Amino acid sequence: IDAARVGTGEFHDALADEMIVDQRVGATDQAGCLDCQQIRVARPGDEADIVSMIHELAAFERAPEQCTVTESQIGTALFGDDAVASCFLVEVDGHTAAMALWFRTFSTWDGVAGIHLEDLYVRDRFRRRGIARALLAALATECLEKDYSRLGWSVLDWNTDAIALYD
């Protein structure tokens, strides 16, 4: 899966329905997601958790030696004067459980901005609770609220769990 278009049609309707479900659910939704309403925008002070998850993801993707990002770099990228990225975090019982880190893109064909999801990561002990779907729904909401035309991402061809999530 390379990218998904957000706008009109079935994809938009399915994500909109999922967003409504995720936003009105209490402590546990149908997928077993605990406290998914605790999705929030990253803020200064979150750099250590974000960098830790990026390194965990690099290890999962079998390339830990290639991951050299630092807290300072993430701080500048997310919170600097010329911030180039954004991040949602999910907290469960006071612990940082997951993140979605993305940046804005632009389509020359339709003349509208979009989002490229760079990293979606859920820590091992929080998997299978619907958190990844809740993060995708939050990103879809971001696209809809800002009239973006697309939400795109890439996935490694051997990551069958991620492929199943995105399908």
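# Briefing: strands, ring contacts and salt bridges

Strand E5, residues 112–122, is largely enclosed by the rest of the structure, because nine of its eleven residues are buried. The model is a predicted one. E5 pairs with strand E4 in the antiparallel sense and with strand E6 in the parallel sense. The structure also holds one aromatic pair and five salt bridges.

**Strand E5 and its partners**

- Strand E4 covers residues 95–107, and ten bridges join it to E5 in the antiparallel sense.
- Across this pairing, Asp-119 in E5 stands opposite Leu-101.
- Four residues lie between the strands in the hairpin of E4 and E5, and Gly-111 in this hairpin takes a positive phi near 70 degrees.
- Strand E6 covers residues 150–153, and three bridges join it to E5 in the parallel sense.
- Ile-115 has Leu-151 in E6 as its bridge partner.

**The aromatic pair**

- The one aromatic pair in the structure is made by Phe-88 and Trp-102, whose ring centres are 4.6 Å apart.
- The ring planes of Phe-88 and Trp-102 stand at 50 degrees, so the pair is tilted; planes over 60 degrees apart would count as edge-to-face, and planes under 30 degrees apart as stacked.
- Phe-88 belongs to strand E3, residues 86–92, and Trp-102 to strand E4; the two are 14 residues apart, and the pair links distant parts of the chain.
- Phe-88 has a relative accessible area of 7% and is buried.
- Trp-102 also counts as buried, at 6% relative accessibility; the cut-off for buried is under 20%.

**Helix H3 and what covers it**

- Helix H3 spans residues 71–79, and its buried residues are Ile-74, Gly-75, Ala-77 and Leu-78.
- The elements that cover these buried residues include helix H2 (47–60), E3 and E4.

**Salt bridges around Arg-40**

- Side chains of opposite charge can pair when their charged atoms come close.
- Arg-40 and Asp-46 form a salt bridge, with 2.8 Å between the closest N and O atoms.
- Both Arg-40 and Asp-46 are buried.
- Arg-40 has a relative accessible area of 14%, which places it among buried residues.
- Arg-40 also meets Glu-91 in a salt bridge between their side chains, at 3.0 Å from N to O.
- Glu-91 lies in strand E3 and Arg-40 in strand E2, residues 39–41, so this pair ties together parts that are 51 residues apart in sequence.
- Glu-91 is partly exposed, with a relative accessible area of 21%.

**Contacts of Arg-127**

- Arg-127 forms a salt bridge with Asp-124, and the closest N and O atoms are 2.6 Å apart.
- The charged end of Arg-127 also sits over the ring of Phe-60, at 5.6 Å from the ring centre.
- Arg-127 counts as partly exposed, at 32% relative accessibility.
- Asp-124 is exposed, with a relative accessible area of 57%.

**Loop residues with positive phi**

- Asp-93 is not a glycine, yet its phi is positive, at about 50 degrees.
- Asp-93 lies in the loop between E3 and E4 and counts as exposed at 58% relative accessibility.
- Asp-147 is not a glycine either, and its phi is positive, at about 55 degrees.
- Asp-147 lies in the loop between H4 and E6 and counts as exposed at 61% relative accessibility.

Note on methods:
Residues numbered from 1 in each chain as written. Predicted model: local features only at pLDDT ≥ 70, side-chain atom pairs only at ≥ 80, totals over all residues. Heavy atoms only, no water. Buried < 20%, exposed > 50% of the residue type's maximum accessible area, 1.4 Å probe, protein only. Pairing = 2+ DSSP bridges. Phe/Tyr/Trp six-rings, centres within 6.5 Å; stacked < 30°, edge-to-face > 60°. Lys NZ or Arg CZ within 6 Å of the ring centre and 35° of its normal. Contact = heavy atoms within 4.5 Å. Salt bridge = Lys/Arg side-chain N within 4 Å of Asp/Glu carboxyl O.
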